[in-house]
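Please open the model in your viewer and keep the selection panel at hand. The stops below are meant to be followed in order.

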Amino acid sequence: MTFGLRRSVVVTAVVAVAIATVIAVFTWAGTPVTAKTFLNATYIGLTLGALWAMYATGLVVVYTTTGVFNFAQGAIGVFGAFFYWELQMNRGWHPILALFVVVFLFAPLLGICLDVLVMRRLRTAPLVVQLMVTVGMMVFLISLVGTIWNANTPRWVNAFFKDSGGIDLGPAQLTWHRFIVFVTAVVVAVILRFLLYKTRIGTAMRAVVDNRELAALNGARPNMVSSLAWAIGSMLGALGGILIASELEFNPSNLNDIVIIAFAAAAFGALRNLPLAVVGALLLGLLRQHTETWLNFGTNFSKAHLGIAPLLLFAVVVALPQARLEVGRVVSNLRRRERYTNWWEGLIGCGALMLCAVMFSGGWLNFGIWDPEAWGGPALNSANAAMALALIGLSLVPLIGWAGQVNFAPLAFAGFGAFVYLKLAGDTGNGYWIPLVGLICAPLGALVALPAARLRGLYLALMSMAFAQGMALIFFPHEWVIPRIGVGRQFSHIELFGITFDDRRGYFLLMMSVFVIGVYGLVLLRNSRYGRRWMAMHGSQAAAATVGIPVVQTKVVVYAVSASLAGMAGVFWATVAGNLSAGQDFDLLNGFQIVLLIAAAGVSIPMAGIFLVFTPLFTGLSHRLEDTGNVGFLVEILDQLVVLGPGLLAIGMVFNPRGAIFEMGRGFSPILPWRSDARAEIAAENAQKREPEIGELGLERPFTPEEVIAIDRRLGILDEVVPKEGYGAARS
Amino acid sequence: MSDETATPLLELLGIRAGYGTIDVLHGVDLRVMPGQVYALLGPNGAGKTTTLGVASGQIQPHAGSVLLDGHEVNGVSPDRLARAGVCLIPEGRGIFPNLSVAENLRMSTYAGVSYKQVQERAFAQFPRLQERRNQMAGTLSGGEQQMLAMSRALSTDPAILMLDELSMGLAPIIVEELYEQVASLAEAGLSILIVEQFAQAVLGVANEAAIMLHGRIQRTGPPAEIAEELTAAYLGMS
């Protein structure tokens with residue numbers, strides 16, 4: 001560490017403390033500070049901190065031993081907590097038995113399954129796929145919990161020993177539950193530290209992430225070692241989930257959101273240092289509880305104390321030295337040459353899409369699902385909502401797909417766009433303001449890009465996540481930003497070219513037109529000199545810099561473009577819904593869903609956004625099936641697909657990292673008359689399926705009938721002469 | 001030294017192997033007798049490293065057999081082979097950069113020797129490693145890293161040692177030092193299979209040598225004879 005860096009750290013710390021003091025002075029709630037209140041807040045803060053420490057140690061263990069940053073850590077906790085609830089509260093098992101079954105039987109099993117089925121395959125995957133799959137796992141587990149146990153039913157879990165008081169420490173009391181939590185967290189951290197650094201299996205766990213092949217050459221069993229790591233991580237997740245369940249409101253997304261605090265704590269220890277992660281978690285717990293006790297941010301910032309964790313995550317990630325960030329590897333898979341859609345192909349594609357949209361909305365192309373009158377029905381609301389999400393998704397294509405900048409905050413940008421539009425157009429719904437919204441959103445993107453300029457990969461993803469969460473907790477809930485109104489529309493129907501788009505069909509067509517224009521614009525951009533810069537930067541920042549591409553400036557521009565697209569899309573998003581609720585619409589999971597669906601569809605392809613429209617198609621289908629009656633199980637299956645689909649699709653990226661649209665395109669393009677290159681590629685692939693070299697046949701083992709045929713072919717012996725069924729069959 | 005009637009310690013028979021659909025080895029036959037030092041030479045891309053990959057279980061051959069002391073070991077995982085006494089020091093510093101020197105040594109204990117013994121032997125051979133035992137292995141110099149990698153061979157009593165491009169990217173004086181270690185291992189009777197691109201250092205130690213070109217072993221013979229043909233082979237005149 002150089003002196004310069006230290007000084008900057010000191011300056012940052014001083015500034016942060018000064019700001020915190022100013023905030024504290026202005027927001028002092030006036031609660032009398034007594035030893036009792038102070039100790040109470042401290043005990044609760046330490047308990048919360050200990051719980052986050054458990055999550056954070058799970059994250060750190062899995063990250064240091066497998067190289068995968070497990071976004072699903074919190075979701076495993078949620079699953080564990082609900083399973084515990086089922087056994088203990090619902091079925092009346094003894095708490096210790098239930099705890100044992102969940103933490104020591106179910107959780108390790110879950111971890112091992114995760115490793116064997118999914119995570120092991122991520123080892124050589126590009127970082128974007130790694131992120132999407134673990135985030136997909138998180139979304140999947142959360143939605144699975146919601147499916148198994150109805151998420152809206154109020155539930156609670158009893159604290160351990162809740163009837164037997166607690167320990168009197170000073171004037172305040174520490175309940176047994178909290179005492180256990182604190183002790184468990186510390187013991188777990190100490191044991192894990194010992195395991196990782198003082199035992200051979202722990203050394204092997206860290207060795208495997210360094211160099212898996214070499215670990216095997218040493219005689220360690222790499223697969224067993226990584227399964228063990230996942231089992232431990234999963235156990236810690238489940239234990240944390242069960243212990244935290246009685247401290248917080250018991251619902252899936254609430255229990256999952258706390259994982260971001262664990263991320264902040266883990267980042268505190270540079271994702272690898274267990275003691276620092278624990279200290280970070282405890283500090284965060286104290287900070288949060290004490291701000292909640294002593295400060296009052298007013299109704300407009302009622303969730304601000306929850307925003308401390310994302311803000312700190314943001315700060316820590318940005319301030320961390322960026323030496324060892326590489327997760328995922330540069331994969332040297334023999335990638336096929338990527339072919340870019342050229343201008344007239346784009347035109348044909350966009351035209352075809354528009355035609356489909358017109359036919360669809362007119363009821364001529366209804367997939368047997370909708371009758372034209374359905375446009376009046378609620379089923380189509382979801383089609384429009386999905387179309388708006390597709391527009392937001394489009395903004396991710398240049399950013400994630402081309403420039404390789406992972407961004408989990410599309411909804412923050414979109415929401416900002418909606419906010420700008422609300423301030424500009426008021427309740428007039430004047431659509432001419434939309435381009436200006438795009439212009440105003442661009443600087444926000446550029447602002448986010450500045451800290452992003454030195455971040456890469458995982459840290460960039462964490463930063464964008466912290467940004468999204470910070471905006472959702474601090475900015476959007478403010479009364480002035482998005483005023484809460486009782487009933488009616490907050491965002492009026494858009495008026496453009498003298499038309500008020502207040503019917504669903506017209507609005508669908510308007511959004512489709514915007515989408516098509518956006519797609520075509522991106523196609524042109526990608527083929528341009530400037531667009532190639534982005535992809536060059538994705539390939540290798542160092543190489544891009546050496547050929548003279550200004551990397552930072554290029555990044556800023558791509559963020560600005562993406563933010564401005566997302567901002568404009570946000571206008572449609574808000575006007576479709578009519579109202580935005582800071583509590584629900586900006587939930588982290590919603591943002592993840594968009595990113596996941598786009599990624600699963602193929603994030604480097606502009607058309608991928610249209611994939612999002614398939615969700616309402618399923619919804620529509622199940623509504624339609626309900627009408628016909630007697631197919632309850634089908635309706636059930638479809639509903640489950642809609643709920644579980646996004647997560648499953650993202651997990652599917654393990655097997656198909658380039659996305660569904662890409663594979664569809666590969667299957668489809670040889671049909672197009674002008675795509676002789678696609679046909680040639682398929683032919684070359686078939687040829688490559690290892691035809692044996694004639695000279696070597698028969699030397700090492702007898703000919704097989706197939707090989708005889710292959711020789712005949714090679715020698716040009718006519719097909720008529722060669723028996724169709726092969727020589728082998730003829731001989732036998 | 002080699003006895004033609006004895007069972008070869010390592011034998012590759014008609015190995016065809018490669019990556020994905022592309023074959024790199026087109027029928028490799030190779031035999032390392034007990035106590036033999038076998039030098040496998042050849043230019044870049046000849047398939048030498050792939051051969052070691054097959055012999056150590058990292059790469060499954062498409063055809064042919066791998067025999068270890070007469071037993072077929074096709075499909076046996078590399079970690080099992082390692083525990084059974086196959087010791088491959090891979091190309092480019094076979095160390096864990098984010099583990100300390102001592103922890104790197106600890107990883108050698110999977111081969112069935114005690115931690116204490118590994119440390120004693122490694123530090124006796126390379127005192128410099130003892131000075132840096134708590135340092136991250138990735139921060140060692142190139143030569144020190146190769147010493148650390150070699151210490152696994154020295155401390156675990158392997159049945160067969162395979163060395164991949166031991167000399168790559170190292171100063172000549174360090175290469176000399178490392179080959180002295182190899183020579184003393186050979187004297188102690190260890191069977192060694194060495195892969196090298198440049199032959200000078202290795203031919204002094206080996207008692208059998210082979211030239212590999214385009215995925216085939218072109219010629220086998222005493223090191224002195226092979227040395228003469230090497231230049232021609234590299235320039236594609238064989």
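Begin by selecting residues 222–245 of chain A, which form helix 9. In this predicted model, helix 9 of chain A comprises 24 residues and extends 34 Å from its first C-alpha to its last, close to the 34 Å expected at 1.5 Å a residue. Is this helix mostly covered or mostly uncovered? Helix 9 of chain A is mostly covered, with 22 of its 24 residues buried.

Next, turn to the largest nonpolar core, a set of 307 residues. Select A:Trp52, A:Ala53, A:Leu141, A:Ala262, A:Ala264, A:Ala265 and A:Leu313, the residues with the most contacts inside this core. Then highlight helix 2 of chain A, residues 35–66, whose 17 core residues are the greatest contribution to it.

Centre the view on A:Ala262. Setting aside neighbours within four places in sequence, A:Ala262 is in contact with A:Trp52, A:Tyr55, A:Ala56, A:Leu59, A:Gln73, A:Gly74 and A:Ala281.

Now move to the boundary between the chains, where 26 residues of chain B are in contact with 22 residues of chain A. On chain B, select strand 2 (22–32), helix 2 (78–83) and helix 3, each of which supplies at least two residues of the side touching chain A. Helix 2 of chain B provides the largest share, four residues. This side of chain B consists of eleven nonpolar, ten polar and five charged residues.

Finally, colour chain B by pLDDT: its average is 84, and 95% of its residues score at least 70. For the complex, the predictor gives an ipTM of 0.89 and a pTM of 0.81.

Technical notes:
Residues numbered from 1 in each chain as written. Chains lettered and ligands numbered in written order. Predicted model: local features only at pLDDT ≥ 70, side-chain atom pairs only at ≥ 80, totals over all residues. Core = buried A, V, L, I, M, F, W, Y, C linked by C-beta atoms within 7 Å. Buried ≥ 20, exposed ≤ 12 C-beta atoms within 10 Å, placed from the backbone. Contact = placed C-beta atoms within 7 Å. Expected span 1.5 Å × (residues − 1). pLDDT = per-residue confidence, 0-100. Nonpolar A, V, L, I, M, F, W, Y, C, P; charged D, E, K, R; others polar.
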